Amino acid sequence: MRQCLGNFLDEDPSSLNISRHPSGQPLVEYQVPVYFSLTHSGDFSSLACSLNFDLGLDLQVHQHFNPNLFSTLCTKSELASLKELNQENFFKIWTIKEAALKCLGLGLRFPMNQLHINFDNNHIEVLSDQTKYNWLTYAELSLFENSTTHLVWNRNDRKPNMVLISEV
């Protein structure tokens with residue numbers, strides 16, 4: 001992570017001061033705000049970086065899942081819109097919502113069913129007033145076989161200009 005951030009910022013990685021937010025999220029102390037999100041699953045890892053806005057990234061290698069988790073993961077309207085409660089939909093919803101929680105700086109202590117995914121416009125509505133954002137935008141990234149990855153950011157409908165670093 002330090003090496004990737006150093007490359008992104010064009011700085012010596014050893015000169016970067018990385019600390020932790022009280023929520024546990026890593027932070028880089030730098031002359032301008034640096035937003036980044038790290039994710040890993042199985043043998044894969046990725047890092048997304050931006051100097052313009054908050055973002056969240058989540059990667060999940062497909063594995064066994066418990067279909068009973070849909071009821072705690074989804075809003076009622078999300079459940080109604082799903083044709084199947086299958087592995088593909090589970091990892092899609094999970095990675096979108098986990099990336100959103102990373103973007104919001106909340107982590108998994110915030111209930112995922114308080115985020116509503118609008119699959120028509122790729123927005124995520126925050127159903128609680130516990131955050132500074134009312135909605136977020138997401139995009140799916142194709143990084144590794146047998147995995148699902150989503151990027152979430154807090155600004156407009158355009159895909160952000162960003163750097164994404166992925167490794168096996």
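How many residues apart are Phe90 and Trp94 in helix α4? They lie 4 residues apart, about one turn of the helix, which spans residues 87-104. The model is predicted.

An α-helix has 3.6 residues a turn, so residues three or four places apart point the same way. The structure holds 7 aromatic pairs. In one of them, Phe65 and Phe70 are edge-to-face because their planes stand at 85°, with ring centres 6.2 Å apart. The rings of Phe90 and Trp94 are stacked, because their planes stand at 25°; the centres are 6.0 Å apart. One aromatic cluster is formed by Phe65, Phe70, Phe90, Phe91 and Trp94.

| Residue | Relative accessible area | Class |
|---|---|---|
| Phe65 | 14% | buried |
| Phe70 | 1% | buried |
| Phe90 | 5% | buried |
| Trp94 | 21% | partly exposed |

Buried means under 20% relative accessible area, so Trp94, at 21%, counts as partly exposed.

Asp10 follows α1 and has a positive phi, near 55°.

Strands β1 (residues 17-20) and β2 (residues 26-29) run antiparallel and are joined by 4 bridges. Arg20 has Pro26 in β2 as its bridge partner. The hairpin of β1 and β2 has 5 residues between the strands, and Gly24 takes a positive phi there, near 100°.

Notes: Residues numbered from 1 in each chain as written. Predicted model: local features only at pLDDT ≥ 70, side-chain atom pairs only at ≥ 80, totals over all residues. Heavy atoms only, no water. Pairing = 2+ DSSP bridges. Helix = DSSP H or I, 4+ residues; strand = E, 2+ residues; numbered from the N terminus. Phe/Tyr/Trp six-rings, centres within 6.5 Å; stacked < 30°, edge-to-face > 60°. Buried < 20%, exposed > 50% of the residue type's maximum accessible area, 1.4 Å probe, protein only.
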